[in-house]
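Hi,

Here is the model I promised to pass on, with my notes below it. Have a look whenever you get a moment.

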Amino acid sequence: MKKRLERMVGEALAACMEKGTLAAAELPAVEIELTKDAAHGDYATNAAMMLASRLKMNPRRIAEALIAELADPGGVVARTEIAGPGFINFFIREGFWATLLEAVEREGAGYGRLDFGAGKRVQVEFVSANPTGPLHIGHARGAVVGDAVAAVLAACGYAVEREYYINDAGNQMHNLGRSVLARCRELDGGDAPFPENGYQGEYIRELAREVLAREGRRCLDEAEGEAIPRLTDHAGGVILDGIKDDLKAFGIVFDRYFSERTLYENDGVAKLLAALEAQGFIYREDGTLWFRTTAFGDEKDRVVIRQNGEPTYFAADIAYHKNKFERGFDTVIDVWGADHHGYIPRMHAGVQALGYPKEALRVILVQLVNLLRDGKPVAMSTRSGEFVTLRQVVDEVGRDAARYNFLMRRSDSHLDFDLEVAKRQSNDNPVYYVQYAHARICGILKTAAEKGVAVPAYGQAALERLTLPEEAALIKTLIRLPEVIEGAARNLEPHRLTFYLNELAGLFHSYYNKNKVVSEDGDLTGARLFLVRAVQTVLANVLGLLGVSAPERM
RNA sequence: GCGCCCAUAGCUCAGCUGGAUAGAGCACCAGACUACGAAUCUGGGGGCCGCAGGUUCGAAUCCUGCUGGGCGCACCA
């Protein structure tokens with residue numbers, strides 16, 4: 001609808017310039033927006049005011065010229081008016097709105113899907129936690145945001161892949177192996193000191209018990225140089241399997257798990273650095289290798305090979321992103337914790353040095369979650385192993401409530417997550433508000449069916465009977481869905497969908513309380529059933545994008 | 001000290017890339033089930049959009065400075 005009006009205004013402008021009523025000028029971009037106030041019509045454009053300064057003309061005069069050339073072959077616009085400083089307000093013909101519901105019926109579960117992605121390949125990389133322990137609540141938010149962004153992009157016609165980067169090459173993994181070994185010795189009765197940066201969670205002890213039961217004293221007898229790498233691999237594998245299970249229970253499935261270690265195979269990282277050095281992006285100083293990230297706006301150059309000869313995480317990350325682009329992704333999206341924001345200029349520098357545009361890498365920052373129980377903070381300490389796991393949250397509050405809660409705010413704003421509120425099945429909890437609307441509609445349709453009333457097909461429904469303002473508001477909200485999805489996709493902001501759902505559910509609940517859907521009036525009943533089923537379709541489609549169920553009963 | 005993010009109702013937050021009278025939920029107060037599901041709805045109070053300037057037809061939104069909070073500033077990941 002919006003696009004239709006945009007086109008009309010654009011064409012009117014072209015006609016004006018051709019006829020000379022308006023001097024030639026470039027129109028920045030026709031902007032049409034829904035009005036907040038019904039007195040301003042249904043849509044409005046500020047085109048005339050945008051043009052005023054360029055053409056040095058009174059905006060109202062420009063508006064008059066535009067309206068004179070406005071062609072409306074479909075007869076959609078009932079009338080226009082010029083208001084305020086130069087807005088053009090469009091009043092849509094009454095009864096036209098309902099015709100747009102045809103698309104909801106025709107497209108059904110696919111309503112809201114778009115194709116502007118045009119099959120371009122996008123990778124979303126998220127979670128990517130070291131397999132040194134189970135996922136905790138802090139990972140959950142990034143997991144849901146990444147998953148929802150991927151789903152929204154897929155709905156817009158992008159070919160999306162979800163990827164998890166396994167940091168299995170660094171010190172953290174080494175610490176994991178040392179921690180397991182230390183617990184093995186402890187269980188054996190030794191009093192070996194626990195490593196300083198070790199992982200103290202109970203799960204390490206369980207791993208140690210399992211290792212001892214399976215292979216006896218082997219890890220205790222062999223040299224540390226043998227035992228630690230072996231225990232690291234084993235523990236990492238077991239923990240990663242657990243992570244995959246937890247994610248699956250949370251409704252998240254990755255297309256690929258990418259191991260950092262594979263980047264080092266065949267000297268991959270070293271060769272890449274050599275190539276970059278040949279291009280002048282890398283130099284040697286003080287026995288280390290430096291990446292000239294300042295050439296791309298970073299505040300200082302960054303080390304890629306340390307004095308001890310070990311590559312930094314950044315070195316591997318450049319290689320990883322090179323790998324991503326070589327796999328043919330047009331755009332790569334990284335979901336990071338907000339505490340890594342300082343890393344962005346560096347990574348953008350890396351991408352540009354590799355020869356790709358800065359925009360090819362987009363980073364979503366996800367703020368930390370403040371975990372509460374009944375308003376009181378829950379202590380979280382990764383080091384000590386005292387933390388609430390993702391699994392516990394899913395078990396306690398449920399997958400739907402957990403996912404919805406993490407999507408209710410912009411990802412870069414702080415989020416309080418209260419376990420008690422999230423699991424309470426009450427009006428404190430928006431997920432149930434939305435799901436209830438869906439379940440309610442299912443109930444209505446069931447009641448109607450029991451009375452032998454079927455939902456009519458589009459051509460048979462007397463949609464002209466939908467004359468109430470609430471009905472118009474519902475219809476307008478339904479047909480806005482594509483815009484909302486497009487906005488969420490372009491801005492990588494899935495929270496827009498939860499706000500949209502709350503709005504739609506609110507309109508429906510209000511409508512429901514005021515008006516009877518199934519009545520004695522056959523035509524009206526049919527029209528309302530048609531409308532209500534469209535609401536059901538949209539609720540289900542959007543909930544589906546967010547990975548939240550749309551229950552028929554609650 | 002330098003950089004990034006944030007500051008909107010009592011609380012938690014939206015505000016569609018500059019639009020018309022700034023919104024929602026919670027909390028508080030008063031109401032609505034003999035009707036398709038009350039996990040719902042209706043009404044009400046509540047605001048210097050942190051402060052001060054600037055840009056223009058027009059600013060919560062863009063620019064500068066200040067105040068206050070978060071986070072970065074590794075040869076950690």
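A118 sits in the loop that joins α5 (101-107) to β5 (121-125); helices (H or I, at least four residues) and strands (E, at least two) are DSSP runs, numbered from the N terminus. This is a predicted model, in which local features need pLDDT of at least 70 and side-chain atom pairs count only at pLDDT 80 or more, while totals for chains, interfaces and linings use all residues. Residues are numbered from 1 along each chain as its sequence is written, chains are lettered from A and ligands numbered from 1 in the order in which they are written, and side-chain values use heavy atoms, with hydrogens and water left out.

Most residues other than glycine have a negative phi. A118, however, has a positive phi near 50°, and A118 is exposed, with a relative accessible area of 60% (buried means under 20% relative accessible area, exposed over 50%, partly exposed in between, with a 1.4 Å probe and protein chains only). V127 is not a glycine either, and its phi is positive at about 65°. V127 belongs to the loop between β5 and α6 (137-155) and, at 15% relative accessibility, counts as buried.

Next, helix α2. Its residues 47-55 include the buried A47, A48, L51, A52 and L55. These cover an arc of only 140° around the axis, so they lie on the same side of α2; the arc is that of the directions from the helix axis to the C-beta atoms. The buried residues of α2 pack against α1 (2-19), β2 (43-45) and α3 (59-68), where contact means heavy atoms within 4.5 Å. After α2 comes K56, with a positive phi near 55°.

Then the aromatic residues. There are 18 aromatic pairs in the structure (rings of Phe, Tyr and Trp, the last by its six-membered ring, pair if their centres lie within 6.5 Å; planes under 30 degrees apart count as stacked, over 60 as edge-to-face and the rest as tilted). One of them is Y43 with W97, stacked at 6.0 Å centre to centre with 25° between the planes. Y43 lies in strand β2 and W97 in helix α4 (residues 96-99), so this pair ties together parts that are 54 residues apart in sequence. Y43 and W97 are both buried. Y165 and Y320 are stacked too, because their ring centres are 3.9 Å apart and their planes at 10°. This pair links strand β6 (residues 159-166), which holds Y165, to helix α12 (residues 313-326), which holds Y320, 155 residues apart. Y165 is buried at a relative accessible area of 1%, and Y320 is buried at 0%. F291, Y313, F314, W336 and Y343 make up one aromatic cluster.

Finally, the RNA. Among the 58 residues around RNA strand B, R306, R409, Y433, N515 and K516 come nearest (a residue is near a strand if one of its heavy atoms lies within 4 Å of it). Sugar and phosphate make up 63% of the atoms of RNA strand B that come within 4 Å of the protein. A polar side-chain atom of R409 is 2.4 Å from a sugar or linking oxygen of RNA strand B.

Best wishes

Note on methods:
Polar contact = N/O pair within 3.5 Å; in protein donor to acceptor, adjacent residues only side chain to side chain.
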